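User: I am new to this structure and want to know what its labels rest on. Please take me through a few of them.

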Amino acid sequence: MKFKNLSHTPRIGILGGGQLARMSAYAAYQLGFEVVIWETTPASPAANITKHDFAGSILDDTLLRRFADACDVITLENEFIDAERLHFLESLGKKVFPSSKTIGLIQDKFVQKRTLARKGIPVPKFMEIKGAGDYLRAAKQVGLPFLLKSRKMGYDGYGNATVFTQKDFSDTIARLQERHSALMGESFVNFKKELAIMVVRTKKETCVYPVVESIQENHICKKVIAPAAITPAIAASATDIAVAAVEAVNGYGIFGIELFLTQNGELLLNEMAPRPHNTGHYTIDACVTSQFENHIRSVLDLPLGSCGMTHKSAVMINLLGKRNGAGIPTNYHEALADPGTHLHVYGKSSSRPGRKMGHITVTGKSRDNCMMKAENAAAITDL
């Protein structure tokens, strides 16, 4: 993006107003830019820190035109907005990162897997599920047990279920189709570790963050260990797969790539997200340049910052709501008692059990020591 002829401070439009947009906005403000937020409802976490706030339906062409007019470039914090809506913004002369074509290859998980498989990227066995009569075909093609997934609108375990029996299959289809009508089946992977990598790419360069280990609880990312305790050869292979995946969808911007390391040492790409990712939150406190700053840099086609770590180890733990109430800790003094604890609160108006409310990162020389301190701080924090 060229800045010399602009008559105002460059404005970055973000589709979505949650914590990822909020943290990207912080990075944009650090660089001197302004942020424009679109969200379906007002007073979102990101909207609360900008004066440029649009709230309403993504299907409202008039609203989207007003949003586009307020932006110099547009990006997003989630992959749930239909590619057609992004194409509409592009038709107004706005550059969108990632592009509508890239999002069109990612947001439908079946299309995503098919695209990656055609490029030779290792993925679990998968198939399209057309209806309740597909159980036997799925059991034969991808094996038992297998995962039944919503092709769109699935995240943090929502839209996924493990199928062991035909009854599981019948019961789950009805429930998942309430979320999204199109479904897919995928083989159940007996993994040794879940790994993740953040890849940021512009027309001129690609920067890759360290491979991390992601620990899930109830299908939600609970902990991230950076770097992952894996061999250099596995780390290099995982990095190659992640970069190839981004290139396969002609992706520009920042991408989160999740992989399985199987019991026999095989790497399989699980999913990719065209945005900042939960597994990259540790980069705020543990890397030269955070994923959010590089997100902003990539959108504006600026030189990327180093993705290297500034500490030997880091552990990030998500803070899930423990109660119904205000969206801030009731005990800041206890939560911040350890001087090495980095507390991030997402600015959501209310907390509820299981809702992502913030995260804690601890950096240091030892994975075990970082984990102990992070777990202690997370257990103490009342949020």
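User: In which helix is Q291 placed?

Analyst: Q291 is in helix α10, residues 291-299. Helices here are DSSP runs of H or I with at least four residues, strands are runs of E with at least two, and both are numbered from the N terminus. This is a predicted model, where local features need pLDDT of at least 70, side-chain atom pairs count only at pLDDT 80 or more, and totals for chains, interfaces and linings use all residues. Residues are numbered from 1 along each chain as its sequence is written, and side-chain values use heavy atoms, with hydrogens and water left out.

User: Why is Q291 called buried?

Analyst: Buried means under 20% relative accessible area, exposed means over 50%, and partly exposed lies in between (1.4 Å probe, protein chains only). Q291 has 0% relative accessibility, so Q291 counts as buried.

User: What does Q291 touch?

Analyst: Contact means heavy atoms within 4.5 Å. Leaving aside neighbours within four places in sequence, Q291 contacts M198, Y209, I254, P276, H277, G280, H281 and T283.

User: Is N331 buried or exposed, and how do you know?

Analyst: The relative accessible area of N331 is 13%, so N331 is buried. N331 lies in the loop between β17 (325-326) and α11 (332-335).

User: What makes the N331 and D382 pair a polar contact?

Analyst: A polar contact is a pair of N or O atoms within 3.5 Å; within protein, one must be able to donate a hydrogen and the other to accept it, and residues adjacent in sequence count only if both atoms are side-chain atoms. A polar atom of the N331 side chain lies 3.0 Å from the backbone nitrogen of D382.

User: How do you know that K94 has no salt bridge?

Analyst: A salt bridge puts a side-chain nitrogen of Lys or Arg within 4 Å of a carboxyl oxygen of Asp or Glu. For K94, the nearest side chain of opposite charge is D72, 5.3 Å away. K94 is buried yet has no salt bridge. The K94 side chain does reach the backbone oxygen of C71, at 2.6 Å.

User: How many helices and strands does the chain have, and why is the chain called as compact as a globular protein?

Analyst: The chain has twelve helices and 20 strands. Its radius of gyration is 21 Å, close to the 21 Å of the globule rule for 383 residues, so the chain is as compact as a globular protein of that length. The radius is taken over C-alpha atoms, and the rule is 2.2 Å times the number of residues to the power 0.38.

Note on methods: Lys, Arg positive; Asp, Glu negative; His and termini not counted.
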